[in-house]
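Hi,

Here is the structure I promised to pass on to you. Have a look at it first, and then read my notes below.

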Amino acid sequence: MMLKNDSKCVCNNGGLDLSEGIKHDQDKPKMDLLDADALEGLARVLTFGAKKYAAHNWRNGIPNSRLIGAMLRHIFAIMRGEFTDPESGLPHIDHVGCCWMFISNNLKNRPDLNDLWRKEDDNTK
């Protein structure tokens, strides 16, 4: 039975008054915690890359060592006090985020691209 209570509808369900609908999502990632500015910066770097190479070019596979090298170059530029990438005109930190995304995807989905050095007796993957 629905009871009108000011501008809210209150459900009377077996004696329980619920002022909100139920959504069982407590074990799902909290997407509302993501930062819009950071993600928009990432999207700008991806857009620059799509124009320079092709949209989704990175999905064709870039070895982890090259991605880590690129990420470190951007980090080192920041450490030297350079915050804007001269080629793209975009923040180095957004390029770092882009490299992180590619590496994250590779480690989860593309073990064939893991060309990182390991000790011979290291059995980890």
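What follows is a short tour of what I found.

Please keep in mind that this is a predicted model.

Let me start with the overall layout. The protein has three helices and three strands, and from the N terminus the order of the elements is β-β-β-α-α-α. Of its 125 residues, 21% count as buried. If you take the contacts between residues at least 6 apart in sequence, 53% of them join residues at least 24 apart.

Next, the packing of two helices. Helix 1 covers residues 36–52, and its axis lies 8 Å from that of helix 3, at an angle of about 80°. An angle from 65 to 115 degrees counts as roughly perpendicular, so that is how helix 1 and helix 3 are arranged relative to each other. On the helix 1 side, the contact is made by Ala-38, Gly-41, Leu-42, Val-45 and Leu-46, while helix 3 brings in Asp-94, His-95, Gly-97, Cys-98, Met-101 and Phe-102. Sorted by class, this contact has seven nonpolar, three polar and one charged residues.

Setting aside its neighbours within four places in sequence, Leu-42 touches Asp-94, Gly-97, Cys-98 and Met-101.

Leu-42 also belongs to the largest nonpolar core, which has twelve residues.

Is Ser-104 buried or exposed? Ser-104 sits in helix 3, which spans residues 92–109, and has a relative accessibility of 15%. The cut-off for buried is under 20%, so Ser-104 counts as buried. The side chain of Ser-104 also makes a polar contact of 3.0 Å with the side chain of Lys-108.

Ile-93 is in helix 3 too. With a relative accessible area of 52%, Ile-93 is exposed, because the cut-off for that class is over 50%. Ile-93 and His-74 are 19 residues apart in sequence, and their C-alpha atoms are 7.1 Å apart in space.

Happy to go through any of this with you at the screen.

Best wishes

How values were computed
Residues are numbered from 1 along each chain as its sequence is written. This is a predicted model: local features need pLDDT of at least 70, side-chain atom pairs count only at pLDDT 80 or more; totals for chains, interfaces and linings use all residues. Side-chain values use heavy atoms; hydrogens and water are left out. Helices (H or I, at least four residues) and strands (E, at least two) are DSSP runs, numbered from the N terminus. Buried means under 20% relative accessible area, exposed over 50%, partly exposed in between (1.4 Å probe, protein chains only). A polar contact is a pair of N or O atoms within 3.5 Å; within protein, one must be able to donate a hydrogen and the other to accept it, and residues adjacent in sequence count only if both atoms are side-chain atoms. Axes are lines fitted to C-alpha atoms, for helices over the stretch in contact, and angles run from 0 to 180 degrees between N-to-C directions. Angles under 35 degrees count as roughly parallel, over 145 as roughly antiparallel, 65 to 115 as roughly perpendicular and the rest as oblique. Contact means heavy atoms within 4.5 Å. Ala, Val, Leu, Ile, Met, Phe, Trp, Tyr, Cys and Pro count as nonpolar, Asp, Glu, Lys and Arg as charged, and the others, Gly among them, as polar. A nonpolar core is a set of buried Ala, Val, Leu, Ile, Met, Phe, Trp, Tyr and Cys residues joined through side-chain atoms within 4.5 Å.
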